[in-house]
Amino acid sequence: MTAAEEPGGRAAAPGATATGPAREGPVETIQREMTVFARRARASAGRMHPELSLVSYTLLGHLEERGGCRATDLAAHYALDKSTVSRQVAALERAGLIERRLDPEDHRVQVLHLTDAGRQLLLQVTDSRRAAFQERLAEWPEEDLKRFAGYLTRYNSWTPPDGG
């Protein structure tokens, strides 16, 4: 797709530029729809498992994916304040879903890992979320799913020029 095309092959408005007024409408729509998406994601997280917030779910998922990491790595990855992550980690520890282990290479560093209970809960919630997505996207053509997945990946892989 060229910069002057929209999804579906329609040409964009004449004079459309990377930062011009022709992009303002679509950018506003994207911003609004991303906000709706975030609100729904937070609300549906409670329905998936009442004791596991969306933030907790994403932290558990990150720990599973990475095979463990430091709390400061979680804060940096999700651009969260260290105190926010500290509170989340403490709650997950109290719930028996994560544990701290000393880094074998640097005994001054504590690495967070999922417990068996954390892994089991994450699997249950992930299965529920996957089923919900499958249901919601069941009528979408395969090509639309691939395009949407590509757009989300591209959007989420962007990093600001300052690296943050």
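**Exercises on a predicted model**

Ala79 lies in the loop that joins helix H3 (71-78) to helix H4 (82-94); helices are DSSP runs of H or I with at least four residues, numbered from the N terminus. The model is predicted, with local features requiring pLDDT of at least 70 and side-chain atom pairs pLDDT 80 or more, whereas totals for chains, interfaces and linings use all residues. Residues are numbered from 1 along each chain, and side-chain values use heavy atoms, without hydrogens and water.

**Exercise 1.** State which residues of helix H5 are buried and where they lie around the axis.

*Solution.* Step 1: Gly118, Leu121, Leu122, Val125 and Arg129 are the buried residues of H5. Step 2: they cover an arc of only 100° around the axis, which places them on the same side of H5 (the arc is taken from directions from the helix axis to the C-beta atoms). Step 3: exposed residues on the other side of H5 include Asp116 and Gln120.

**Exercise 2.** Identify the polar partner of the Ser56 side chain.

*Solution.* Step 1: Ser56 belongs to helix H2 (residues 54-66) and is buried, at 8% relative accessible area. Step 2: its side chain makes a polar contact with the side chain of Gln88 (2.9 Å); such a contact is a pair of N or O atoms within 3.5 Å, one able to donate a hydrogen and the other to accept it within protein, and residues adjacent in sequence count only if both atoms are side-chain atoms.

Technical notes. Helix = DSSP H or I, 4+ residues; strand = E, 2+ residues; numbered from the N terminus. Buried < 20%, exposed > 50% of the residue type's maximum accessible area, 1.4 Å probe, protein only.
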